[in-house]
Amino acid sequence: MKIKAVIVEDSRLARNELKELIKKHEEIELVGEAENVDSGFELIQNTRPDLLFLDINMPEKDGFELLELLDEVPITIFTTAFDEYAIKSFEYNALDYLLKPVSDKRFAMAMDKVNVKLENKEGEKAGYGKKLTENSQIFIKDGEACWLVKIGDIILFEIVGNYTRVFFEDKKPLLYKSLNQIEDKLPETSFFRANRQQIVNTNYIENVVPWFNGKLKLSLKNGEEIEVSRRQSYIFKDKMSL
């Protein structure tokens, strides 16, 4: 199976260098290239790639701003001429980081990681505009901190004003989308709307106890306790066959 890839890079020379490297890997199908964030966003929406080669430092908008625009982020390999971004890129959970100019050996190492990643996702397709899967990843930026987070690793979504707080590991950043927007994209098999304010990942429920007025209370593995509304408690019991 071909790996559909796109390049978003403002330097024509750097794009050409990447294209020459890609030609040496028959498994990669380059389906498009863009020189800025806006055209890159449109390209990704139209081509639905498996793999994104993304320059970090671009004029007007940087690579991280492109990731913020996407509902689902393809496997991402950052490319840049500035090695100061190296540590940051791994903090953001990028699959890999390539420092320009990129050698054949270093590119091949990155592609080994891509192949392993795709093997782990076998049977799942990128589905822009469709439901996400547990292996889909989203980009979250909160202040100076950024993360690429797998949907299945998210424990809880919670309304905070017009935004949504995302709970994963020991992190609680804000995502600048409404809870309703997020709910429409989530896999129904593992996420449940407990009440108007919260959506929980049922894989992280540690305990369920009866609560007042026919409600339920959920204890999550991260220590959070969630009160399920009475209406949703009936639905939860049916869904979980309680």
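Reply: Happy to; we can go label by label, bearing in mind that this is a predicted model.

Me: Let's begin with the sheet of five strands: what makes strand 2 and strand 5 its edge strands?

Reply: The open sheet has the order 2-1-3-4-5, with parallel pairing. Strand 2 (28-34) and strand 5 (96-99) each pair on one side only, and that makes them the edge strands. From one strand to the next, the twist averages 20 degrees.

Me: How do you know that strand 1 and strand 2 pair?

Reply: A pair needs at least two bridges. Strand 1 (residues 3-8) and strand 2 have six bridges, in the parallel sense, so by the cut-off of at least two they count as a pair. Within this pairing, K4 stands opposite E29 in strand 2.

Me: Which helices lie across strand 2, and at what angles to it?

Reply: Helix 1 (residues 12-23) runs at about 170 degrees to strand 2, and lies across strand 1, strand 3 (51-55) and strand 4 (75-80) as well. Helix 2 (residues 37-47) runs at about 145 degrees to strand 2 and also lies across strand 1 and strand 3.

Me: Why is I155 called buried?

Reply: Buried means under 20% relative accessible area. I155 has 6% relative accessibility, so the label applies. This residue is found in strand 8 (residues 154-160), and its contacts beyond four places in sequence include F167, F168, I199, V200, Y204 and L220. F168 is 13 residues apart from I155 in sequence, yet their C-alpha atoms are 5.5 Å apart.

Me: And S219: why is that residue counted as buried?

Reply: With 17% relative accessibility, S219 is under the 20% cut-off, so S219 counts as buried too. S219 sits in strand 14 (residues 216-220). Leaving out residues up to four places away in sequence, S219 touches Y204, I205, E206, N207, E224 and E225.

Me: Which residues touch the most other members of the largest nonpolar core?

Reply: V8, L52, L54, L67, F78 and F139 do, out of 20 residues in that core. Strand 1, helix 2, strand 3, helix 3 (63-69) and strand 7 (145-150) each give two or more residues to this core. L67 is in contact with L52, L54, F78 and F139, among others. There is also a second, separate core of 18 residues, including L18, I22, I28 and F107. In soluble globular proteins, nonpolar side chains tend to be buried together.

Definitions and conventions. Residues are numbered from 1 along each chain as its sequence is written. This is a predicted model: local features need pLDDT of at least 70, side-chain atom pairs count only at pLDDT 80 or more; totals for chains, interfaces and linings use all residues. Side-chain values use heavy atoms; hydrogens and water are left out. Helices (H or I, at least four residues) and strands (E, at least two) are DSSP runs, numbered from the N terminus. Axes are lines fitted to C-alpha atoms, for helices over the stretch in contact, and angles run from 0 to 180 degrees between N-to-C directions. Contact means heavy atoms within 4.5 Å. Buried means under 20% relative accessible area, exposed over 50%, partly exposed in between (1.4 Å probe, protein chains only). A nonpolar core is a set of buried Ala, Val, Leu, Ile, Met, Phe, Trp, Tyr and Cys residues joined through side-chain atoms within 4.5 Å.
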